[in-house]
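Please keep the sequence and the model in view while reading.

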Amino acid sequence: MRKFSILFLGILMALLTLENCKPDVPDAPPGKPESDSLYIGTTYTIAKPFRFSNINNTYADSLTYEGVELGRRLFYDKHLSSTGQLSCASCHKSEFAFSDAGHAKSTNVFGPTKRNAPSVQNLLWAPKIFWDGRSATLGEQAKDAFHGEQDLNVPNAIQYLEADSEYVRLFKKAFGRPGDITEEHIYLAIQQFGMTLISSESHFDKVQRGQEQFTESEARGFQIFLTERGDCFHCHTHGNDLLMTDNIFHNNGLDSVNDVNDFTDKGRGEITGDINDYGKFKSPSLRNVALTAPYMHDGRYQTLEQVINFYSDSIKLSPTVDAIMLKANHANGGVHLTAQEKQDLLNLLYSMTDTSYTNNPAFQNPF
Amino acid sequence: MQFLKCTTSLVLATLLFFISGCKPDTKQGNFTLELKAKYGDQSFSLNTPNTDPQNRRIKMDELKFYLSHISLVKADNSEVNLSEAALIDFSNPNTLSISVDNISGDFKSLRFSTGLDSVQNATDPLSVPSSNPLSNDMGMYWPWLKYIFYKLEARCDTTGTGSGSYNWFPLYHIGTNSMYRQVTLDKTFSVCCNNQYTLTLYLDVKKIFYGDTQTLDIISESSTQMGTSDDPNVAIKFSDNFAQAFTF
């Protein structure tokens, strides 16, 4: 083994030195850079908030202020839909942590969407996006939304963008040269904006950092959340970090079905085709959850009280229901909380609201 | 000038070729520890039912655990370290083998621990890179428990008819320092001379429940997370049986 590696190294070294056998070529003559030369944007560095997981997103290194700014504009631009009526922001409103608060289902250009529009935040850390995880990156996700929700007509959109001198300028600053208004760059710009949507300044965060204190009720709620009493931590925390989701797919016992084929929405199973995934959905982050009613993938619960009552007393059985949901009582799952415990848990959830996120001027409508 | 550069290179290459060609053969070989699971004399895979001695069907959703301080013990009692900590996850084939290259010797046993030692268990999972088995991204850490050593989630059809519905859900999430166990299994073998030696270690899942000395009852002892509301005896029994469930 070692013999071979030495031999290999030798040949490699020889080849490298043989490189020198090429005749010397003079450098290209120095000249004035062309005015249209490749624009190098200003690097946008993401600061990892306190107790967030490592950033493993390969795109995180290539963020630029220019890309992010362009992405924000595209996010809010209604011209990028076949009807000219819908932008991403129509269903993802900053004041509700980019959810479509008040709507169990949103309305897209064709009619009601299949699912509830979730809040959007900290997706830089999400390996899979959407309730069913069908997109791996925010760029893929934007493409999905443009073609689904917004029914984007690519040639029309590009024509519109090219006719707008502000967009021509922004695309050039973000991607390099004129002519860089492409379908792919639309998605990449939105992806860049999406990656900057980070929420980490709630009362809850400040308590974790030792800057503020929980009320007694919040503290009790956190105990319930974080221990087997409420068992919420299983799916709404990820190890020791503060993302408030494990970003994994679970069936939390919303529906009673005997046969996996009877789930109205097969969720993750629709993507993987694996019957063990039928009826599973990505655990949503509980950050800003007080702002994002109605709840669950189909918006079936109007209030957080209803959600807590569900976890307490109304877990339903089905073939893929998470074993964790049934631990306390196999026949009729649920953690059976007292009225005080429910109130404590509710107060804890309210502590995760981050108004500096929802009010952040960098995330608002630029038009 | 160019000519000189070229000649040097060629001479260098020839020289290196001969030097490497003259090296005496080493006595080293490569070793792989391969993990497999079985259920008694039945084959095992996740989400596939096995039949237990009481004719109940049982299938696992998840079987994931730490092995640490894995080493090969030589005839003279010296040890060759294979891994400080490995996270074995039956849903991820990449985690089911551990290899080391260029080792040699006559070995008499495999030694490892189930779970993590107290120093490893005190790691902050956010402080290590994502590829590290102790990383936060492995889904094996809860703030109140620290590392989960053993994670087993199962579904059972307790009707005994072989065709009932899955109505029982045993769940074991076990950690804390006292659940760490050390295991030594004897096996005589040699690694040398450019050979690849593969040792297959079986986890007999049946033995977790039907151990050599004690039975873990999936009905009355169906869950523990080593927290306040659970009986620590279930966790101790699980950990004891688990450590004894490995065979070649």
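The numbered points below cover the basis of the model, chain B, its aromatic rings and selected features of chain A.

1. This is a predicted model, in which local features need pLDDT of at least 70, side-chain atom pairs count only at pLDDT 80 or more, and totals for chains, interfaces and linings use all residues. Residues are numbered from 1 along each chain as its sequence is written, chains are lettered from A and ligands numbered from 1 in the order in which they are written, and side-chain values use heavy atoms, leaving out hydrogens and water.

2. Chain B has four helices and 14 strands (DSSP runs numbered from the N terminus: H or I of at least four residues for helices, E of at least two for strands). Of its 248 residues, 49% count as buried, that is, under 20% relative accessible area, with over 50% termed exposed and values in between partly exposed (1.4 Å probe, protein chains only). Among contacts in chain B (heavy atoms within 4.5 Å) between residues at least 6 apart in sequence, 71% join residues at least 24 apart.

3. Over all chains there are 39 aromatic pairs. Rings of Phe, Tyr and Trp (its six-membered ring) pair if their centres lie within 6.5 Å; planes under 30 degrees apart count as stacked, over 60 as edge-to-face and the rest as tilted. B:Y66 and B:Y147 form an edge-to-face pair, with 6.0 Å centre to centre and 90° between the planes. This pair links strand β4 (residues 57–74) of chain B, which holds B:Y66, to strand β9 (residues 146–157) of chain B, which holds B:Y147, 81 residues apart. Both B:Y66 and B:Y147 are buried.

4. B:F112 and B:F246 also form an edge-to-face pair, at 5.1 Å centre to centre and 75° between the planes. Here B:F112 in strand β7 (residues 105–114) and B:F246 in strand β14 (residues 246–247), both of chain B, are 134 residues apart. B:F112 counts as buried because its relative accessibility is 1%; B:F246 counts as buried because its value is 3%. Ring pairs link a cluster including B:F112, B:F149, B:Y172 and B:F246.

5. In chain A, the charged end of A:R134 sits over the ring of A:F130, 3.7 Å from its centre (NZ of Lys or CZ of Arg within 6 Å of the ring centre and within 35 degrees of the ring normal). A:R73 lies over the face of A:Y167, at 5.1 Å from the ring centre.

6. In helix α13 of chain A, the buried residues include A:E341, A:D344 and A:L345. The buried residues of this helix pack against α8 (203–208), α9 (216–226) and α12 (304–313) of chain A.
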